[in-house]
Amino acid sequence: MGDAVLELTGVTKRYGDFLAVDRVTFDAPRGRILGLLGPNGAGKTSTLRMILGISAPSEGEIAIFGRAPGRAVQRRIGYLPEERGLYKRMTALDTIAYFAKLKGMWGGKARRRAGELLDELGLGDVKDRRIEALSKGMAQKVQLATAIAHEPELVILDEPFSGLDPINQNELEVAIRRLANAGTTVLFSTHTMSHAERLCDRFVILVKGRKAFDGTLEEARAEIPRTIKLESANDLSFLSAVKGVTDVVPPHDDIKHWEIVLAKGADPQAVLAACFEHGAKLTRFDSSPPTLHEVFVVLAGGDVGDAEP
Amino acid sequence: MRQVWLIAWHGFIQHVMSRAFLFGLLMLPLYMLIGGAAPTASQAPLDALGGSIRHFAVVDKTGVMLPAIDAALERDVTARGLIVLSAYADENVDKDRLRDEAPELASLLLDGDAFSESSIDAIEARGGVSQTFVDLRQYLKPDSPNFIAPIRRFFRVDLPEDIDDSDDMLRAAEPYLAADKLIPGPYGPVALWAILFIPKDFLEGKANATYVTDDTNRVFLREVLRQALDSELKRRQAQALGVPTDATAKLLTTAGRIETLDPDPDRLGALSHVRQLNVIGAVVVYLMLFMAVFMTANMVVMALVEEKSNRVAELLLSCVRAETLMAGKLFTGLLLALLLVGVWATSAYASVDTLFPTAKVVVENLTANFKDPARVLMLFTFFSLAYLTVGSFFLAAGSAATSITDAQTIVAPATMISLPIFMLPIAVAYDPMGPLARFASYLPVFAPFTMMVRSLSAPEGIDVLGALVVSVLTLWWIIRLVARVFRANLLRPDSGGTFFGFLRDLFGRRRPT
């Protein structure tokens, strides 16, 4: 906790009678990637705006670099908003340099840094092109560059992957990893679990404004019962008698496999051994750990909204 | 402060590079060009209709009046030349030397009455205006400007043949008098201003002469002709009565005159020339500044609404505080307004000689006022305060809108309600030192607008100080009020949308979320 760049304690945000964020507490360690997950309307953007000082919490406290959000820490933060917007008639280079200057960089350095970033992001050839003449993917990279041009210590990315094609999504993942490797703390919100699973060191899951989970992927997996998927022509009902098995779900509807639900800490090998003992022929034995999406579904109580695997 | 400047300058460049702003910037000079060039392009008919040179014809059935009329026209040229030469002498001659060495000339041009008949007689006796100037030249100060004698304003021309031959001369004269048909003049085709019919028995006093014209309001020519006929009639009757010629001449040049005097030309009610110029100048300058204030305030609001709708506002708010963003936007508008005013004023000043010679005197009067740096500073200060007051209010309205339509819905009624604030200073222009002007100088919101007009005169120091204090306090209060709304509404997707919703946000006790 001592190395935390960001700390939220009991943060609540109300818009009139609507409770957008409800007593959320978490922290972001320095140099790590923290994912803020949740379906739309979970309170992710409201939380990020409070962290940025754009809006004030109704209750609770936020500390960034040990200080309250505001002018003192604004220059140490980079922000990529969910809904992208840039000045259409400005060139890519001028746009990045302008926002870098607003964050405290001086003119010459800002322009040099903007040029370097555009080269790094593969946009060196279009640096003098107006934003309106860029493709969506290019514009999104420019927007990312505006968030990191002033070399912030904390970068906040709100749904950074939305609207990007797979190639650009991969490039963005590389850029985010590069930031973290350079010691920058990254906090990003998403409802696409695969990106979070690949990138994040830790997750905070928000559901209807409340924190549903805070921890690593392993800790998240441990939160939910493990399920083994088996395919066999035999009747596997006997598995319900195996120690550590809490439920046996036979194939039904479109699901052609058996689902064996294990108690927390139970060994999947016991199920495999029981199958051998009963002479059951298995055509599939899948004991891979639950995906983040599966964890998310459970933690969100089925209310996953538009969350994607 | 650096961030405020960055935002202001960025907005300024963005607007200046936009076609819409350039269009607005250049429209006024373009209108001036059109307004000035159009009359120039059709100079001949306009000269004929509204210029100072008149061409007229005389139908003299007595057969004896034309020499008297021509002599009167010559005398008119001399009389006007005398007035101009007297004013020229007053400014440019070494008066002491002239009085010492040429007392008669000094008496005529410096100490005499340039309007009197005896002075006209005297200058005619000296050989006319040109000869008198030749005599005066040796007494001029070094580097005196050239003397430009006034041009002849009345020309007698021959009656067009189709009128002369017509049975109904009035009807035949109509197209000429309406400038639909031109007649040959001394330097080319001209319109006929008037026809003077002198019946045969006019000399016996049995019939009146008739002056036929399409414009009965401007009577200078008619008056010259009336005096010519009147004098000639009297001279002939005096001759018939056996009055000596010299006595007749003396009687005819004797006239009682009334002098006009305004005891306090600067007070309300006096319609002195200078006073009219001050009023016209103040109103013109005020309207120009007023247009600049509203045009730029609207532009900045629209830009803000666009930034809000395309989410640039959120990005900006992650970089700077809402108050900084608002201040930057306000100064963007101020820079734009100053640019507009600069371009418009320069265009007007540069083109007045060529395009609007009649307005030159207004511009000269304004220029004389602006020679005092304190007045320029005063005008700049109150213009800026007026802009910031309006601009901050508009920005708050813009922050409460989510679309251009919303913004217009809010701004339009606000503009209409505040019209008295902007119209009162026009009333103030007629009496910038009067009680209304002084009262309005201390009224919150009204004060900077009022002082924009009063800056062109010489308001009392206490009024300037009072208006400054009132304006600054009002601005401080408005900015505090609107900054709260601005900060709260900028990221609200459902904010405002109506004028009354905006007012509730602005003045309501509830804190906008």
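**Strands, sheets and a chain contact**

User: What makes strand 1 and strand 5 of chain B a pair?

Analyst: Strand 1 (residues 54–60) and strand 5 (residues 194–198) of chain B are joined in the parallel sense over 5 bridges. Two strands pair if DSSP finds at least two bridges between them. The 5 bridges meet that rule, so the two strands count as paired. One bridge partner is named: B:Leu196 in strand 5 faces B:Val58.

User: What kind of model is this, and how is it numbered?

Analyst: The model is predicted: local features need pLDDT of at least 70, side-chain atom pairs count only at pLDDT 80 or more, and totals for chains, interfaces and linings use all residues. Residues are numbered from 1 along each chain as its sequence is written, while chains are lettered from A and ligands numbered from 1 in the order in which they are written.

User: Why are strand 2 and strand 6 of chain B called edge strands?

Analyst: The open sheet has 4 strands in the order 2-1-5-6, with mixed pairing. Strand 2 (154–157) and strand 6 (210–213) each pair on one side only. The twist averages 25° from one strand to the next. Angles run from 0 to 180 degrees between N-to-C directions, and axes are lines fitted to C-alpha atoms, for helices over the stretch in contact.

User: Which strands of chain B does helix 4 lie across?

Analyst: Helix 4 (residues 66–92) lies across strand 1 and strand 2, at about 155° to strand 2. Helices are DSSP runs of H or I with at least four residues; strands are runs of E with at least two, and both are numbered from the N terminus.

User: How many residues of chain A touch chain B, and what makes a contact?

Analyst: 21 residues of chain A are in contact with 16 residues of chain B. Each contact has C-beta atoms, placed from the backbone, within 7 Å. The largest share of chain A's side, 4 residues, comes from helix 3.

User: What is the pairing in the open sheet of chain A?

Analyst: It is antiparallel, with 3 strands in the order 2-1-4. Strand 1 (residues 4–15) and strand 2 pair over 8 bridges. A:Ala4 has A:Pro29 as its bridge partner in strand 2.

User: What share of chain A counts as buried, and by what rule?

Analyst: 41% of its 309 residues. A residue is buried if 20 or more other C-beta atoms, placed from the backbone, lie within 10 Å of its own.

Definitions and conventions: Two residues are in contact if their C-beta atoms, placed from the backbone, lie within 7 Å. A residue is buried if 20 or more other C-beta atoms lie within 10 Å of its own, exposed if 12 or fewer, and partly exposed in between; C-beta atoms are placed from the backbone.
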